[in-house]
Structure formats: structure tokens, C-alpha cells
Amino acid sequence: MAMIWRAALRRFSSSSLRRSALESDQVGLAAGSADHGNPKTWKLLTFFVAFPAIGFCMLNAYRGEMEHKAHHHRSEFVPYAHLRIRTKPFPWGDGNKSLFHNPHSNALPEGYEEEA
């Protein structure tokens with residue numbers, strides 16, 4: 001009885017392996033020859049879907065930033081000794097301001113340049 005089960009199992013597994021190999025070859029052939037659309041379609045999608053979506057995202061980010069800026073208040077300057085340490089001057093400007101210095105939000109060692 002065990003011999004019959006082994007023979008049936010061997011026959012089933014080998015036929016299913018052959019079948020799956022044939023199916024994978026067919027899928028590979030179909031995938032290699034797939035048509036990815038007309039270039040005109042992609043051009044239209046770019047102009048009428050992608051660019052408006054990018055514009056909407058930019059508008060959403062801008063409006064969110066303006067809403068945040070309307071209620072954001074700068075914290076009071078506290079001269080902590082471990083912050084804003086200058087061991088040597090920056091190689092640009094007066095040497096006290098970083099390259100991307102914002103006078104409203106970045107404090108110098110002495111305090112803010114602008115009073116809010």
C-alpha cells in the first residue's frame with residue numbers, strides 16, 4: 001500500500017512541477033511582450049494628472065505653512081552655555097552667522113537680532 005502512495009505522490013508532484021514550469025514560461029513570454037501604452041497616453045497623463053497633483057501638493061504645503069506661521073511664536077532667548085559655541089569664526093560674512101542664518105528664528109550667542 002505504501003508503494004502505491006509513493007508512486008501516486010511521485011506522479012502528482014512531477015506532473016505539477018511540469019505544469020507550473022510551463023505556466024511560468026507562458027507568463028514570462030507574456031510579460032516580455034506586454035504593451036505599456038502609447039507615449040501619447042503617458043504624455044497626457046503627465047500633463048493632466050501628474051502636474052496638477054504636484055501643484056495641489058505644493059498649494060497644500062504652502063497653506064499649511066502659512067497657518068502654522070500665523071500662530072507660531074518664537075520662544076524667549078535663554079543664554080545656555082552649551083549652545084551656540086563659536087570656537088572659530090565661520091569663513092563667510094562676519095563669521096558669527098551660519099550659512100543658512102535666519103535672523104527671525106536663529107539666535108546668535110548674544111540673542112536674537114530682530115525683536116518680534
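Which ring does the charged end of Arg 74 sit over? The legends below take this view along with several others. This is a predicted model, in which local features need pLDDT of at least 70 and side-chain atom pairs count only at pLDDT 80 or more, while totals for chains, interfaces and linings use all residues. Residues are numbered from 1 along each chain as its sequence is written, and side-chain values use heavy atoms, with hydrogens and water left out.

**View 1. Arg 74 and Tyr 112 meet as a charge over a ring.** The charged end of Arg 74 lies 3.8 Å from the centre of the Tyr 112 ring. A charge sits over a ring if NZ of Lys or CZ of Arg is within 6 Å of the ring centre and within 35 degrees of the ring normal.

**View 2. Helix H2 bends at Thr 46.** H2 covers residues 39–71; helices here are DSSP runs of H or I with at least four residues, numbered from the N terminus. With 33 residues, H2 reaches 47 Å from its first C-alpha to its last, close to the expected 48 Å. That expected span is 1.5 Å times one less than the number of residues. The bend at Thr 46 is about 35 degrees, taken as the angle between axes fitted to the seven residues ending there and the seven starting there.

**View 3. Glu 113 and Lys 97 form a salt bridge.** Their side chains come to 3.3 Å, N to O. The two residues are 16 apart, both in the segment after H2. The structure holds one salt bridge, defined as a side-chain nitrogen of Lys or Arg within 4 Å of a carboxyl oxygen of Asp or Glu. Glu 113 is partly exposed at 37% relative accessible area, and Lys 97 is partly exposed at 29% (buried is under 20%, exposed over 50%, partly exposed in between, with a 1.4 Å probe and protein chains only).

**View 4. Phe 90 and Trp 92 make a stacked aromatic pair.** Their ring centres are 5.3 Å apart, with 15 degrees between the planes. Rings of Phe, Tyr and Trp (its six-membered ring) pair if their centres lie within 6.5 Å, and planes under 30 degrees apart count as stacked, over 60 as edge-to-face and the rest as tilted. The whole structure has three aromatic pairs.

**View 5. Asn 96 is buried in the segment after H2.** Its relative accessible area is 17%. Beyond residues up to four places away in sequence, Asn 96 touches Arg 86, Phe 90, Leu 108, Pro 109 and Glu 110, where contact means heavy atoms within 4.5 Å.
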